[in-house]
Amino acid sequence: MSGNGWIGGWILPLSLAWRETRGHFLRSAVTATAVFLGVASLLVMTALSRGMEAQNREMYLRMGGAQVIQVTATKATDALQDASFARSRGLRLSDVDVLRQNLPQFDGWVPEVSAGMGRISLKGARVRAMGTASTWDRFDVLGIAVDTSEDLTRARWESGEALLVVGADVASKVSSGRPAAALGKELLVGGRPARVAGVFKSQGKFDFRNMEVMIPLAWYTRVQGDADPTLSTLKAKVARLDDVADAPRQLKTELLALHRGVEDVDVSTNDDLLENSRKTIATMSLVTILIAGVSLLSGAVGILNVGLASLSSRVQELGTSKALGASSSLLFRQVLFESLLVAGLGGGAGLAVGLAPALIPDGTLPWTLQLSGVDLLGGLFLSVGVGVVSGLVPAWKASRLDPVEAMRG
Amino acid sequence: MDAILETKGLRKSYRLGKEDVPVLHGIDFRLGRGEYGAIMGPSGSGKSTLLNILGCLDRATGGQYLVEGRLVSAFSESELADLRARSIGFVFQSFQLLPRLTLSENVELPLQYLGIPRKERRRRVAEIMERLGLGQRGRHLPMEVSGGQRQRAAIARALVKKPALLLADEPTGNLDSTTTAEVLDLFRQLHEEGNTILLITHEHDVAVRAQRRWKIFDGLMEEMA
């Protein structure tokens, strides 16, 4: 088979192209930088957004999935709204009883009062934690798992006993790094003593519950001397999945009636939250694609420019090759391979950077970086695409060279 | 003796603006297998144009041109490339070695174009390099050796594929007198070994070493006694 054949003759042009690329390695490496940046940024951001999406899905499930609807008390943003809000009592614990009675399609209610930061201390030292007062249903509705060494029951929780369930970070702080040893320890919450009766099962270093402290709402109301406290949020679980579509509207209508027509709450589903998060990630991805696109385009222009300059500087060589018997198609492949090798050099380095997150141990970063074989193939395809696009013009010009003219230089 | 090259009424003209400028005016020429010929002529006589056509680097605008009995005027670009690769070995005045390839790699290149297996390529390259006294210079780049060695490498590159015809364009034009003598001795030996050689030169001393000589002037060619 002749080395000039289209199918058989790719090793020779590839080896000649490699010699040319290696002969100008620094120039090739500099030209490849833009492709490297484009591919690397694309892969890293893809891995990051995949990880964020996965984490959001996990969070979604931990917040009760599609069946949990969240009601959040809103604040007035101007004087007019302030006057309007004054007509309503706001989101109160007593609302839950009315809602439970009027909306039988819901079978779980989780009133929450955010106790804020910095009100929890150990032996006079403040413990950084986010306090939430809530009912026992919170564990069931949100599927919260707790490690406990004692008989932590609904009856004790709802009786208003001074109990705490704390996150892993808080538990570590109160027991010198051994979360299990935190059980039974006493903390001060708003200056009042309460005993650690459970530790939230941690889902990793960056689990948002690690810094949480949960106290019985019954104890909170007793200590505060307020039987009907204002709620920060109310989570409601729809019994049947079929009712999820109508449930937010029904809940909102009921709350409007309870709040004398004042819209002082936001009602959202976990699907809404997930969708918002998806939109944010999609926007982030789009920006990344644009940046990577510009970088890859610069890479292509750079390779094209170097390819044309290189062609001009070795017209004689290429003419000689033709005189020696190299066909137009062989020269086309040789020059095209030169662009492909430069793009491949950048793309290969970009792929290596894209693979690097796989070496980072789980839990080191807030998000798991996820990259699939398809993503890597995509990176490779992009590099090859840049090489082909930028190499076509010089390759075509090389193949069209007239050997007589070319050898004159 | 069968003909390696044969032209019948070969013409070539170039388009200059709206005018055709004739360079070759109907050349009849024949070079038999195993012959050693030289075409002489001053600058502008058309000898380089003729060489380019004979070497299948350019096309005639009229007449017929046959290589080993095949009419090449009708050949496609790729057929011409194949003919150059298989049947014609070029030696240029300025050597035209590829600067990033070693002498061995330069000599090996035509065999690669022919798709000859690596082992056979290496054997043939070693043989011709040794034959031309370049056995110790194979790993050197062209810029690392003398002009004479470069031209010998260029001749080795032309001969390695065992072409039907060795075409040399002013092969001694860039060489000193000693090296010129060496190269011409080499051509004589190659001729004695049965190679067909056609060289183009403007130097009488070079042309007289050939077995047959032609003179080209103003696009017309005639054989010299």
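Strands, such as the one discussed first below, are DSSP runs of type E with at least two residues, and they are numbered from the N terminus. In this predicted model, Val213(A) is found in strand 10 of chain A, which covers residues 212–216. Val213(A) counts as buried because 25 other C-beta atoms lie within 10 Å, where the cut-off for a buried residue is 20 or more. Leaving aside residues up to four places away in sequence, Val213(A) touches Ile120(A), Ala129(A), Met130(A), Gly131(A), Leu164(A), Val166(A) and Val170(A).

On the scale of the whole chain, chain A is divided into domain 1, made up of 11–59 + 276–408, and domain 2, made up of 75–263. The centres of domain 1 and domain 2 of chain A, taken over C-alpha atoms, are separated by 53 Å.

In chain B, six strands form an open sheet with mixed pairing, and their order is 6-7-8-3-9-10. Strand 6 (88–91) and strand 10 (220–224) of chain B are the edge strands of this sheet, each pairing on one side only. When direction is ignored, neighbouring strands of the sheet are turned against each other by 20° on average. Strands of a sheet pair through backbone hydrogen bonds, and the pairing is either parallel or antiparallel. The parallel sense is found between strand 7 (residues 165–169) and strand 8 (residues 197–201) of chain B, which pair over four bridges. Within this part of the sheet, Leu166(B) has Ile197(B), in strand 8 of chain B, as its bridge partner. Helix 5 of chain B, formed by residues 147–159, packs on the sheet and touches strand 6 and strand 7 of chain B. The direction of helix 5 makes about 170° with that of strand 6 of chain B.

The two chains also meet, with 19 residues of chain B in contact with 20 residues of chain A. On the side of chain B that touches chain A, helix 2 (77–87) and helix 3 (103–113) of chain B each supply at least two residues. Helix 2 of chain B gives the most to this side, with six residues. By residue type, the side of chain B that touches chain A divides into nine nonpolar, five polar and five charged residues.

Note on methods. Residues numbered from 1 in each chain as written. Chains lettered and ligands numbered in written order. Predicted model: local features only at pLDDT ≥ 70, side-chain atom pairs only at ≥ 80, totals over all residues. Pairing = 2+ DSSP bridges. Axes fitted to C-alpha atoms, helices over the stretch in contact; angles between N-to-C directions. Contact = placed C-beta atoms within 7 Å. Nonpolar A, V, L, I, M, F, W, Y, C, P; charged D, E, K, R; others polar. Buried ≥ 20, exposed ≤ 12 C-beta atoms within 10 Å, placed from the backbone. Domains from an automatic or database assignment.
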